[in-house]
Amino acid sequence: MGNRTERLASGQPPAAVPLLGKGKHRNPRKGACFMEFASYLAGEKWSDHPSCTHPLLAGLARLVNDHTTDENRQLLVPLIPSVIGLTGDDPRIEVAIALRCATTALPVVAAERQLALAVSVLAAEHVLGELEDRPPGLEPASRKALDQVPEAARWARGFRGGVHISRRGFRRYAAPNTVQLAVRGIAQACVQDPDRLLRELLTGAIQDCAAAVRTETAIREVTPVS
């Protein structure tokens, strides 16, 4: 796999592998999306849902792939090797990805999407506080994003006051919905270069996921086996 990933890191796809395309492809001869390419590099069965990548991160990658324009989609290629092996069971992974998506999209999306994303930020912060057993509060990125949309933030705080979200509910429903809303909102936002912002979002989420996986691994290494 080394030669394949080295070429990808330089932005050059391996020979006989198609360029990135939108949607799902039956086999490499029909094309490839971001995660199908990852399954190929990981040596897995051809699939856009390979086991080598956390499901929520893979979902984000598929959405970014499909909402990036044809002329800029190939710029995603160097990121593909970095998602291989990024998976784990720590619920902080979903929180990190959801927060990255919500805080990136919140300042640029349409007003109706800002309301839902502001709620997503507060819900993710609530779940994170429970997971880390810390007093209520916001991470700096969350506070900065909410400060840029004061009306949406005010509405979201009022809405959140009457709604409780469980860790399970956040993991199964809120986090995937946040990812979808953020990507679609950025793709349709009135910004100069939405493709660039989508790439930055995916890059940041990969880094967040990698950090969460490292933390999960470190905790396992120091936790005694009962």
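A search of the whole structure, which is a predicted model, finds 2 aromatic pairs. One of them joins Trp-155 and Phe-159, whose rings are stacked, with 5.2 Å from centre to centre and 10° between the planes. These two residues are 4 residues apart in helix H8 (residues 150-160), so about one helical turn separates them.

The largest nonpolar core has 64 residues, and those with the most contacts inside it are Phe-34, Leu-57, Leu-60, Phe-170 and Leu-202. Several helices each supply at least two residues of this core, among them helix H2 (34-41), helix H3 (55-67), helix H6 (111-132) and helix H10 (194-222). Because domain 1 (28-83) and domain 2 (91-222) both give residues to the core, it lies between them. Leaving aside its neighbours within four places in sequence, Phe-170 is in contact with residues including Glu-94, Val-95, Ala-98, Val-127 and Ile-165.

The cysteines form 0 disulfides, since a disulfide is counted where a pair of cysteine sulfur atoms lies within 2.5 Å. Cys-209 is in no disulfide, and the nearest cysteine sulfur, which belongs to Cys-101, is 11 Å away.

| Residue | Relative accessibility | Class |
|---|---|---|
| Trp-155 | 42% | partly exposed |
| Phe-159 | 39% | partly exposed |
| Cys-190 | 83% | exposed |
| Cys-209 | 0% | buried |

Thus Cys-209 counts as buried, with a relative accessible area of 0%, whereas Cys-190 counts as exposed at 83%.

Key. Residues numbered from 1 in each chain as written. Predicted model: local features only at pLDDT ≥ 70, side-chain atom pairs only at ≥ 80, totals over all residues. Heavy atoms only, no water. Buried < 20%, exposed > 50% of the residue type's maximum accessible area, 1.4 Å probe, protein only. Phe/Tyr/Trp six-rings, centres within 6.5 Å; stacked < 30°, edge-to-face > 60°. Core = buried A, V, L, I, M, F, W, Y, C linked by side-chain atoms within 4.5 Å. Domains from an automatic or database assignment. Contact = heavy atoms within 4.5 Å.
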